[in-house]
Amino acid sequence: YDRACAPLFASKATDIGMRDAKGVCHQRRADALAWLDRYAEAEKEIGEAVAIYKPMYEEKPDRLERAHGYSIALNKQGEIYGWEEKYELAFAAFSESLRVVQRAYDADPSDQRSARNVAMARNKRGDAYMETKRYPEALADYEVALGIFRKLHAADPTQTEHERDIGISNHRIGIVHVMAGE
């Protein structure tokens, strides 16, 4: 990613497309570094992505693509914090992501991408709750996600992605019950 992204990082262009491309590069670098267990470097890279996407989102919070880009960066940031066992920071990132995508969904509940983003943000925050043994909170997030995935499947039963999401949510809910000793 360093070679591919170097021209972008050297560019002084500030248009929306260039900022988005830079944000994507930082996210991809963070992914690669996290896979190498280089979490401090990954945290720095994803921090750069969040710093790019946040003002883009704040400039025009009603633009779905900006909400989507910002929420993806926040979710990745939350994952990295979780891997570093910085759970309060993970909760903050996942909760901010949920706030952003929930706003987009509330503006247009018929938008399936926004609905799925809300469910995914709920699942990610639920995972962090699981890691910290906060089972009631995890269960609540997983059940909301499952409900959204079921609605998406009912609206378009041809999408196998929705069936997979329902299965994963049911699995997560089952794990909560086992871990909570139920």
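Is Met179 buried, exposed or partly exposed? Met179 is partly exposed, at a relative accessible area of 47% (buried is under 20%, exposed over 50%, partly exposed in between, with a 1.4 Å probe and protein chains only). Keep in mind that this is a predicted model, where local features need pLDDT of at least 70, side-chain atom pairs count only at pLDDT 80 or more, and totals for chains, interfaces and linings use all residues. Residues are numbered from 1 along each chain as its sequence is written, and side-chain values use heavy atoms, leaving out hydrogens and water.

**Helix 8**
- Met179 sits in helix 8, residues 160-179 (helices are DSSP runs of H or I, at least four residues, numbered from the N terminus).

**Two loop residues with positive phi**
- Most residues other than glycine have a negative phi.
- Asp37 isn't a glycine, yet its phi is positive, about 60°.
- You'll find Asp37 in the loop between helix 2 (16-35) and helix 3 (39-59), and it is exposed at 54% relative accessibility.
- Lys133 also has a positive phi, near 60°.
- Lys133 is in the loop between helix 6 (112-131) and helix 7 (135-155), and is exposed with a relative accessible area of 59%.

**Glu45 in helix 3**
- Glu45 belongs to helix 3 and, at 8% relative accessibility, counts as buried.
- Leaving aside residues up to four places away in sequence, Glu45 touches His26, Arg29, Ala30 and Leu33 (contact means heavy atoms within 4.5 Å).
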